[in-house]
Amino acid sequence: MEVYAGKDELPAEERSAKAVVRRLVKPLEGTGRNVTTDRYYTSIELAEELYNDDKLTLVGTLKSNRKHIPEELKKTQGRELYSSRFLFTDPKTGKAPITLVSYITKPKPTKNLLLLSTQHNDRKVDESTEMLISTIMKQKEV
């Protein structure tokens with residue numbers, strides 16, 4: 001376990017979000033487990049490294065300003081509330097199987113939730129989960 005205790009003497013590259021996750025999951029390398037991260041830690045680069053180097057999958061939310069997020073997922077204009085858009089990496093490339101999802105959670109101003117997964121690779125939406133997410137988001141609006 002790594003505890004944050006204020007300013008750190010580590011070099012900047014070792015204090016990065018990616019470096020912190022890599023250190024925390026070191027004991028899990030090669031186990032095939034899933035790592036779940038929030039938007040501060042999630043990145044396409046981290047997902048690829050965990051999948052290819054450590055045999056771990058990653059599921060997490062993404063900041064829309066992260067590198068390599070296609071513009072078509074960031075756009076919200078004309079999108080229906082609670083609609084999803086999916087993008088997948090091409091399995092023929094031999095790279096990590098990344099799925100990116102854009103989910104509209106709020107009507108005005110339109111709120112877009114971006115998700116990344118190397119664990120899921122289809123457009124399947126669990127109807128019961130979708131209903132639960134919609135209910136939670138409606139409660140937050142009140």
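Predicted model: local features only at pLDDT ≥ 70, side-chain atom pairs only at ≥ 80, totals over all residues.
Residues are numbered from 1 along each chain as its sequence is written, and side-chain values use heavy atoms, with hydrogens and water left out.

Not counting residues up to four places away in sequence, Ser-83 touches Ser-102, Tyr-103 and Ile-104, where contact means heavy atoms within 4.5 Å. The side chain of Ser-83 also reaches the backbone oxygen of Glu-80 at 2.6 Å. Along the chain, Ser-83 and Asn-112 are 29 residues apart, and their C-alpha atoms are separated by 9.8 Å.

The model contains an open sheet of 5 strands in the order 1-2-5-4-3, with mixed pairing; two strands pair if DSSP finds at least two bridges between them. Strand 1 (34-37) and strand 3 (84-88) stand at the edges with a single partner strand each, so one side of each is left without a neighbour in the sheet. Neighbouring strands are turned by 15° against each other on average, direction ignored. Such angles are taken between axes, which are lines fitted to C-alpha atoms (for helices over the stretch in contact), and run from 0 to 180 degrees between N-to-C directions.

Strand 3 and strand 4 (residues 99-106) run antiparallel and are joined by 5 bridges. Across this pairing, Phe-86 stands opposite Val-101, and Phe-88 stands opposite Thr-99. Strand 4 also pairs with strand 5 in the antiparallel sense, over 7 bridges, and Ser-102 has Leu-114 of strand 5 as its bridge partner. A hairpin of 4 residues joins strand 4 to strand 5.

Lys-55, which follows helix 3, has a positive phi near 55°.

The largest nonpolar core has 17 residues, of which Leu-50, Leu-58, Ile-98, Leu-100 and Leu-116 touch the most other members. Such a core is a set of buried Ala, Val, Leu, Ile, Met, Phe, Trp, Tyr and Cys residues joined through side-chain atoms within 4.5 Å. Helix 2 (17-25), helix 3, strand 2 and strand 5 each give two or more residues to this core, and helix 3 supplies the largest share, 4 residues.

## A buried charged residue

Glu-49 lies in helix 3 and is buried, with a relative accessible area of 19%. The side chains of Glu-49 and Arg-22 are joined by a polar contact of 2.5 Å. A polar contact is a pair of N or O atoms within 3.5 Å; within protein, one must be able to donate a hydrogen and the other to accept it, and residues adjacent in sequence count only if both atoms are side-chain atoms. Beyond residues up to four places away in sequence, Glu-49 touches Lys-18, Arg-22 and Asp-54.

## Aromatic pairs

Rings of Phe, Tyr and Trp (its six-membered ring) pair if their centres lie within 6.5 Å; planes under 30 degrees apart count as stacked, over 60 as edge-to-face and the rest as tilted. By this rule there are 3 aromatic pairs. One of them, Tyr-40 with Tyr-41, is edge-to-face, at 4.9 Å centre to centre and 85° between the planes. Tyr-40 is partly exposed at 45% relative accessibility, and Tyr-41 is partly exposed at 29%.

The rings of Tyr-82 and Tyr-103 have centres 6.4 Å apart and planes at 35°, so this pair is tilted. The pair links distant parts of the chain, 21 residues apart: Tyr-82 is in the loop between helix 4 and strand 3, and Tyr-103 is in strand 4. Tyr-82 is buried at 14% relative accessible area, as is Tyr-103 at 6%.

Methods
Buried < 20%, exposed > 50% of the residue type's maximum accessible area, 1.4 Å probe, protein only.
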